[in-house]
Amino acid sequence: MANFKKNTKGDTPAISTASLPDIVFMLLFFFMVSTTMREVELKVQVTMPEASQVKKLEKKSLISYIYVGPPLSAYQATLGSAPRIQLNNSFASLRDIDAWITSERESRDEADIPMMMTALKVDQDTEMGIVTDIKQELRKSNALKLTYSTRRVFENL
Amino acid sequence: MAKKKKRGVPEINAGSMADIAFLLLIFFLVTTTMDTDTGIVRQLPPWQEQQNENTDKINERNIFVVLINRDDRLLVEGRPMDISQLREKAYEFVTNPLAKENLPDKTLVSRRIEVAQTTLLAVQGDENATAVAQAELDTWTKAKEMIGGDDFAISKGIISLQNDRGTTYGQYITVQNELVAAFSRYRDETSMKYFGNPFDKCTVEQQDVIKLLIPQAISEAEPKNIGG
């Protein structure tokens with residue numbers, strides 16, 4: 001049949017690159033969707049401790065973060081190098097935690113409030129005193145679900 | 001003149017589309033940080049004004065006290081200990097395989113069912129309490145069914161972790177990690193025995209049963225200065 005004529009010429013036909021943009025766009029959309037832009041600008045240095053027995057945190061939208069650590073060098077001239085608490089985008093004190101928890105709750109759906117969780121991102125060289133104080137404040141404001149954020153390491157058994 | 005009358009919009013050359021898309025793609029590839037958040041999850045006890053009233057009622061043998069002083073050294077059950085031994089010691093405490101006198105007491109699942117039945121009878125008439133008691137009874141009956149009717153002995157042990165204000169957070173997390181590891185090991189072994197899979201690979205239902213049988217009883221004590 002005429003339709004099945006063999007290509008008698010020796011040179012290989014050029015591969016069509018027409019679908020290349022489609023493939024690239026697909027990848028692009030994947031990365032655009034999966035990218036999470038950092039919402040807060042860190043003002044404290046946090047090197048989290050390592051742990052192996054950790055759980056992955058689901059539902060990131062329900063997690064509120066408290067950062068604790070020495071201020072970045074730009075702020076150390078005014079604030080010193082003692083560990084400070086950061087809530088959202090600003091330095092805070094222990095007394096602010098209660099109000100902050102309340103505002104975090106208000107910004108979520110009412111049905112989600114019991115599932116809300118506080119994650120402590122604390123520098124590993126911080127002394128426990130400030131962490132204990134934060135825990136007491138959280139208990140007072142009845143935010144009882146807590147995670148100590150860690151870097152995950154795998155250990156050989 | 002041989003002028004062309006057809007005057008459609010000329011086709012835009014899409015050849016550079018791929019380049020633009022590549023550029024964007026590389027931008028997102030570079031900026032993406034796939035940081036999955038991980039951490040050690042804890043439930044804090046509710047706030048109460050007068051504290052430490054109930055701890056006295058817990059039997060001495062059922063408590064495993066871990067103290068961390070401000071120099072990050074450990075005192076476990078009254079003796080100094082190296083962190084490398086902690087996991088083993090905690091595991092021994094949680095499992096108490098030889099049913100030693102100085103390690104925690106255990107309750108059988110069948111005993112839990114009996115207790116639930118008694119409560120159910122005791123609260124007859126009160127609708128809310130009946131519902132709660134019935135749910136409790138169902139949970140335990142179902143758990144027993146799931147593990148093939150085996151009478152599992154539930155440890156009453158509680159690990160009490162106390163720290164000084166001067167303890168570093170890194171050390172505190174390391175200790176927490178060792179304690180959680182002891183529980184995970186016990187959970188893994190138990191789920192292997194009953195379900196043939198390690199804890200992580202079990203279904204949610206099976207995991208719930210294991211959690212019920214082996215609660216992760218780590219208590220973070222009220223702050224106090226234990227010196228160093």
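In what order do the five strands of the open sheet in chain B run? The order is 4-3-2-7-8, and the pairing is mixed. Two strands pair here if DSSP finds at least two bridges between them. Helices (H or I, at least four residues) and strands (E, at least two) are DSSP runs, numbered from the N terminus.

First, the ground rules. This is a predicted model: local features need pLDDT of at least 70, side-chain atom pairs count only at pLDDT 80 or more, and totals for chains, interfaces and linings use all residues. Residues are numbered from 1 along each chain as its sequence is written, chains are lettered from A and ligands numbered from 1 in the order in which they are written, and side-chain values use heavy atoms, with hydrogens and water left out.

Strand 4 (79-81) and strand 8 (218-220) of chain B stand at the edges. Each has a single partner strand, so one side of each is left without a neighbour in the sheet. From one strand to the next, the twist averages 30°. Axes are lines fitted to C-alpha atoms, for helices over the stretch in contact, and angles run from 0 to 180 degrees between N-to-C directions.

Helix 5 of chain B packs on this sheet. The helix touches strand 2, strand 3, strand 7 (158-163) and strand 8 of chain B. Contact means heavy atoms within 4.5 Å. The direction of helix 5 makes about 175° with that of strand 7 of chain B.

Look inside the sheet. Strand 2 (residues 63-68) and strand 3 (residues 74-76) of chain B pair in the antiparallel sense over three bridges. There, Leu67(B) stands opposite Leu75(B).

Now the interface. How many residues of chain B are in contact with chain A? The count is 44, against 55 residues of chain A. Together the chains bury about 4,500 Å², 62% of it on carbon and sulfur atoms. Buried area is the accessible area (1.4 Å probe) that two parts lose on being put together, summed over both.

Strand 1 of chain B pairs with chain A. Six bridges join it to strand 7 (residues 145-152) of chain A, and the two run antiparallel. Thr38(B) is the bridge partner of Thr150(A). Val41(B) is the bridge partner of Thr147(A). Strand 2 (residues 55-56) of chain A also pairs with strand 1 of chain B, antiparallel, over two bridges. In that pairing, Lys55(A) stands opposite Gly39(B).

Next, charges. Side chains of opposite charge can pair when their charged atoms come close. The rule for a salt bridge is a side-chain nitrogen of Lys or Arg within 4 Å of a carboxyl oxygen of Asp or Glu. Over all chains, the search finds 13. Two cross the interface of chain B and chain A. Glu220(B) and Lys135(A) meet in a salt bridge, 2.9 Å from N to O.

Within chain A, Glu137(A) forms a salt bridge with Lys140(A), with the closest N and O atoms 3.7 Å apart. Both residues lie in helix 4 (residues 128-140) of chain A, three residues apart, about one turn of the helix.
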